[in-house]
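Take a look at the sequence and the structure below. Then read the briefing with the model open beside you.

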Amino acid sequence: MKYLSVIGTSKIIHQHLDSAIKLGFIPKDICTTNKNSKNLKKLKVKYKFKEVYLSWIKMFKQHSNKPNRNMHYLIAPRIIDTEKILSKFITLNNKILVEKPVILDSKKILKYLNFNKNIYVGYNRIFYKSINYLKRKKIRNSYINVFVPETKLINFKKNSCHILSILLFLFGDLKVISKIKKKNFILVTLKDKNKNFISINVCFKSTDNFSITFYNKNNTHVLKPIEKYE
């Protein structure tokens, strides 16, 4: 039996639970970091949770007192709570799926690299059919232009990190060649081992869509927005 324990009650939890149940997980208990959550009761009834917690610390103590190798965790609370919750539950040595971006301070994330076999991050866009099609193409000797519209830098960390996960999935390790940071934009150039050059343009307060365009001598592949392929 595979059990699932959930921390978080936002709307995205419904999608996670629907997927988890299809994969054979049994919802066990749920915790909210928002004591005024209107979604908590709906989740409890719909997914038949056995127990509800209003304190993740109490939930952690209960689980640490009764370890279960068949228990798995979904950590998807407010971003400001994610790291402190993860730091506790990772000590249980169970598998954990964490909603992105996990941590906004990149220096803090280094200590979790030792737990990378147990931590999975919800970067679901790498499962788009278009992304996997391009992965199979094994792109080489190409120029890739990435356009990222954002309101401010912090939102790039919270949301546009999906773009970086796609690039790492497609190209593996990337080396920074140059970086320009101005008030209204950030321009970064990278390259990979297959002689691909990637230009990431982060433009603040732009009204255009996210896009990734791949140029080579045979074809041009366009993702604009990311889920639409031409």
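What follows is a short tour by topic. The model is predicted. Its largest pocket holds about 730 Å³ of space. The structure also has five salt bridges. A patch of positive charge sits on the surface.

**The largest pocket**
- In the largest pocket, 25 residues form the lining.
- Nearest the centre of this pocket lie His16, Ser19, Leu74, Leu97 and Gly122.
- Helices and strands both contribute: α1 (12–22), β4 (71–75), β5 (96–98), β6 (119–121) and α6 (153–171) each give at least two residues to the lining.
- α1 supplies the largest share of that lining, with five residues.

**Charges**
- Lys135, Lys138, Arg140 and Lys193 make up the positive patch on the surface.
- Among the five salt bridges is one between the side chains of Lys111 and Glu83, at 3.4 Å from N to O.
- This pair ties together distant parts of the chain, 28 residues apart. Lys111 belongs to the loop between β5 and β6, while Glu83 is in helix α4 (residues 79–89).

- Most peptide bonds are trans, and most residues other than glycine have a negative phi. The spots below depart from one pattern or the other.
- Lys100 and Pro101 are joined by a cis peptide bond, with omega about 5 degrees. Pro101 is in the loop between β5 and β6.
- Val102 is not a glycine, yet its phi is positive, at about 70 degrees. Val102 also has its place in the loop between β5 and β6.
- Another cis peptide bond runs from Lys224 to Pro225, with omega near -10 degrees. Pro225 is in the segment after β12 (220–223).

**One loop to trace**

Conventions:
Residues are numbered from 1 along each chain as its sequence is written. This is a predicted model: local features need pLDDT of at least 70, side-chain atom pairs count only at pLDDT 80 or more; totals for chains, interfaces and linings use all residues. Side-chain values use heavy atoms; hydrogens and water are left out. Patches are made of residues with over 30% relative accessible area and no salt bridge: like charges are joined within 9 Å, nonpolar side chains (Val, Leu, Ile, Met, Phe, Trp, Tyr) within 5 Å. Accessible areas come from the Shrake-Rupley method with a 1.4 Å probe; for residues, only the protein chains shown count as cover. A salt bridge is a side-chain nitrogen of Lys or Arg within 4 Å of a carboxyl oxygen of Asp or Glu. Lys and Arg count as positive and Asp and Glu as negative; His and the chain ends are not counted. The place of a charge is taken as NZ of Lys, CZ of Arg, CG of Asp or CD of Glu. On a 1 Å grid over the protein atoms alone, a cavity is a set of points where a 1.4 Å probe fits but cannot get out, and a pocket is an open set with protein on both sides within 12 Å along at least five of seven lines; lining residues have an atom within 4 Å of a point. Grid points are joined across faces, edges and corners, and a volume is the space filled by probe spheres set on the points. Helices (H or I, at least four residues) and strands (E, at least two) are DSSP runs, numbered from the N terminus.
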